[in-house]
Amino acid sequence: CVHGAHFSEQKDRKRVARWVEKLTPELWENHDIGHKGGWTEKEDGASKTRVVDNACIFHNSEGFAGGYGCALHHLADQEGVSFIETKPEVCWQLPLRRAYEDLEYEDGSERLVLVLGEYDRRHWGEGGHDFQWYCTGNADAHVATDPVYVTSRDEIVALIGRLARHDSPLHLALRRSRLRLGRARRRRRRRLRRRRTH
C-alpha cells in the first residue's frame with residue numbers, strides 16, 4: 001500500500017510488533033531500514049507503518065529473493081499461521097467490509113443486522129483518488145476457482161465469528177426455541193379451532 005497501514009488500536013500495533021521481531025533480512029527487504037529508523041510513523045497523530053520508496057515498509061519489491069509483496073504475509077506462510085495474525089488489521093480486512101444496518105419492520109420492531117460485503121471505491125468517501133492499487137473493481141481480480149467464503153474463511157470468521165454448527169450449543173439452543181415456538185403455535189391453532197366449533 002502506498003500509504004502504509006494505520007493501526008486500529010494500540011493492541012493491533014503491539015501484536016504486529018511481536019511478529020516484526022521474527023522477520024529476518026532474508027524475508028524482509030527493508031529489514032535494516034526498519035531496525036535502524038523504525039518501522040512506524042505518525043500521520044495526523046495516528047500510528048501507522050512507515051512508508052519507504054512510496055510503499056509500506058513491509059512491501060518487498062519485485063525480484064526480491066525473499067518474495068514479492070508483504071514480508072509479514074510471507075512470515076505467516078513460513079510460520080504456518082494465518083496472515084491475520086501477522087499483519088495489521090486494515091491489511092487483512094480489505095476488501096471485506098463489515099457494516100451494521102438498523103432494520104425497522106412493519107410492526108415497529110427494530111433489529112441491528114451485521115452485513116458483510118465488498119469494500120469498493122465508493123466506500124472511501126472523499127479523497128482516495130490515489131488508490132490506483134485498489135483492484136477489486138477490476139474483473140481480473142475475480143478469477144479464483146473457489147468462492148470467497150472458502151478462500152477468505154479466516155478473515156470472515158475474525159470479522160463476524162463462526163457460523164453455528166449443528167452440534168454447537170448455540171445451534172441446539174436455537175433448535176429448542178424453535179421447537180417451543182412450534183409447539184406454542186400448534187396449541188394456539190387448536191384453541192382457535194375449538195372456539196370456532198363452539
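Helices (H or I, at least four residues) and strands (E, at least two) are DSSP runs, numbered from the N terminus. The model is predicted, so local features need pLDDT of at least 70 and side-chain atom pairs count only at pLDDT 80 or more, while totals for chains, interfaces and linings use all residues. Residues are numbered from 1 along each chain as its sequence is written, and side-chain values use heavy atoms, with hydrogens and water left out.

**Exercise 1.** Determine where Leu23 is found and which residues it contacts beyond its neighbours within four places in sequence.

*Solution.* 
1. Leu23 lies in the loop between helix 1 and helix 2 (31-37).
2. Its relative accessible area is 4%; buried means under 20%, exposed over 50% and partly exposed in between, with a 1.4 Å probe and protein chains only. Leu23 is therefore buried.
3. Contact means heavy atoms within 4.5 Å. With neighbours within four places set aside, Leu23 touches Trp28, His31, Phe58, Ala71, Leu72 and Leu75.
4. The C-alpha atoms of Leu23 and His74 are 9.5 Å apart, although 51 residues separate the two along the chain.

**Exercise 2.** Describe how helix 1 and helix 3 pack.

*Solution.* 
1. Axes are lines fitted to C-alpha atoms, for helices over the stretch in contact, and angles run from 0 to 180 degrees between N-to-C directions.
2. For helix 1 (residues 10-20) and helix 3 (residues 71-79), the angle is about 65 degrees and the axes are 11 Å apart.
3. Helix 1 is therefore roughly perpendicular to helix 3, given that angles under 35 degrees count as roughly parallel, over 145 as roughly antiparallel, 65 to 115 as roughly perpendicular and the rest as oblique.
4. On the side of helix 1, Val16, Trp19 and Val20 meet Leu72, Leu75 and Glu79 of helix 3.

**Exercise 3.** Identify the buried residues of helix 3 and what covers them.

*Solution.* 
1. Ala71, Leu72, Leu75 and Ala76 are the buried residues of helix 3.
2. Because they cover an arc of only 145 degrees around the axis, they are on the same side of helix 3; the arc is that of the directions from the helix axis to the C-beta atoms.
3. Their cover includes helix 1, strand 5 (59-60), strand 6 (69-70) and helix 4.
4. Just after helix 3, Gly80 adopts a positive phi of about 75 degrees.

**Exercise 4.** Carry out the corresponding analysis for helix 7 (residues 153-160).

*Solution.* 
1. Glu155, Ile156 and Leu159 are buried in helix 7.
2. Their arc of only 95 degrees around the axis puts them on the same side of helix 7.
3. Among the elements covering them are strand 7 (96-104) and strand 8 (110-118).
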